[in-house]
Structures are given as C-alpha cells and as structure tokens.
Amino acid sequence: MFQGYTWCNRGVATYREKLSPSAWLMVAIGLVIPATALIFLPVNLLLGIIVGVGLWAGSVGLLWWAAPALRVENGLFRAGRAGIELSFVGEASAFTGEEARAQRGVELDARAWLALRPWVDAVVRVELTDPSDPTPYWLVSSKKPDALVAALEAAQRSSANTPGKQSPI
C-alpha cells in the first residue's frame, strides 16, 4: 500500500559495538567477595559473603551500564556520548598489539579525543578533517577494529552520494 514508507523514525545503525567489560575483569572483581567476607568475619561470615556478592554484582553492573557504545548511523560516528558527522571524518586506521600500545602511549597526541577502555586491546584512530576543530583525531578502543574501519569507510561512501550532499566527483 505505502511502498517505501516506514512508520519507524529510528535510523538503522550500520555498525554497533558495546565496549562491555571482559570476562577476566568480572572474575578479577570477584575478589571483592572474599575480601568483604574477611572484613565481616568477626561479625558474621554469611553476612560478609552476601555483602560481597552484592558489591560484586553492583560493580559489574556499573561497568556494564557505563560501557560506551561505538555506532555508525545516520551520517554520524558516535563513541559513547560524543558524535561527529561523517563529513568531518577522514582516514580510519586499526591498530592491534604493540602498534595499539604505541598509539595509546608514545605516539599519542595530547589534543586527541579518547574513548579507551583498559580491557580492550585494539584501537582505531579516526582522523578528523574539520579545520575549525583543534582535535586532530579520535582514538577509540574496539573489539572489532577492522569491522569498525570498514563500516566507517562504507558509511562515508554512501553519505557522500546521498541527495543533498556534495559529491566529490
């Protein structure tokens, strides 16, 4: 009946990744249980275990809730609460291992915008082309850096050829 019509006004994300905490981090936070039990030992061991499990669940829940999401949608690249139009995004590069460590350390520009999580090894460096922005690039953690780079490149190509936008040709 209404061909090409959609009732939903939400954009479709071409890429979405949540930087949720890894399993080893949840296990490491689990050390709060015996520590709390030890503190509560003079009062009541069972109470200490219950409080420890509650602290562990609260800590893991807070990390999960506060984990930023990387999204490429509606002509924007979003990393957590920050977003930038794809027209201002330049080249994106993925780094893993020692290269990622160097990007987070000795090669890091102090003006760069960072969305890093210590439990994610790989990073993606997204160059910015906005001449009025003093930030040279964004450096974001990513569990799937190659997929993020591919999504950014595909979204840039498709947004450059949409009606109302200037085509480079």
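Reader: Does Glu 98 count as buried or exposed, and at what relative accessibility?

Author: Buried means under 20% relative accessible area, exposed means over 50%, and partly exposed lies in between, with a 1.4 Å probe and protein chains only. Glu 98 has a relative accessibility of 58%, so this residue counts as exposed. A word on the source: this is a predicted model, where local features need pLDDT of at least 70, side-chain atom pairs count only at pLDDT 80 or more, and totals for chains, interfaces and linings use all residues. Residues are numbered from 1 along each chain as its sequence is written, and side-chain values use heavy atoms, leaving out hydrogens and water.

Reader: What share of the protein's residues count as buried?

Author: Of its 169 residues, 36% do.

Reader: How many helices and strands does the protein have?

Author: Helices (H or I, at least four residues) and strands (E, at least two) are DSSP runs, numbered from the N terminus. Here there are 5 helices and 8 strands, and along the sequence they follow the pattern β-α-α-α-β-β-β-β-α-β-β-β-α.

Reader: Which residues of helix H4 are buried?

Author: In H4, which spans residues 97-104, the buried ones are Ala 100, Ala 102 and Gln 103. Looking down the axis of H4, you find these buried residues within an arc of 160 degrees, so they line one face of the helix. That arc is taken from the directions from the helix axis to the C-beta atoms.

Reader: What covers the buried residues of H4?

Author: Think in contacts, meaning heavy atoms within 4.5 Å. The cover includes strands S5 (89-95), S7 (123-128) and S8 (137-141). Across the protein, 64% of the contacts with a separation of 6 or more join residues 24 or more positions apart.

Reader: How many salt bridges are there?

Author: The rule asks for a side-chain nitrogen of Lys or Arg within 4 Å of a carboxyl oxygen of Asp or Glu. The count comes to 5 salt bridges. One of them joins Glu 98 and Arg 101, with the closest N and O atoms 3.4 Å apart. These two residues are 3 apart in helix H4, so about one helical turn separates them. Arg 101 is partly exposed, at 48% relative accessible area.

Reader: Which residue forms a salt bridge with Asp 109?

Author: Arg 111 does, with the closest N and O atoms 2.9 Å apart. Asp 109 is partly exposed, with a relative accessible area of 23%. Arg 125 and Glu 127 also meet in a salt bridge, at 2.7 Å from N to O, and Glu 127 is partly exposed at 28%.
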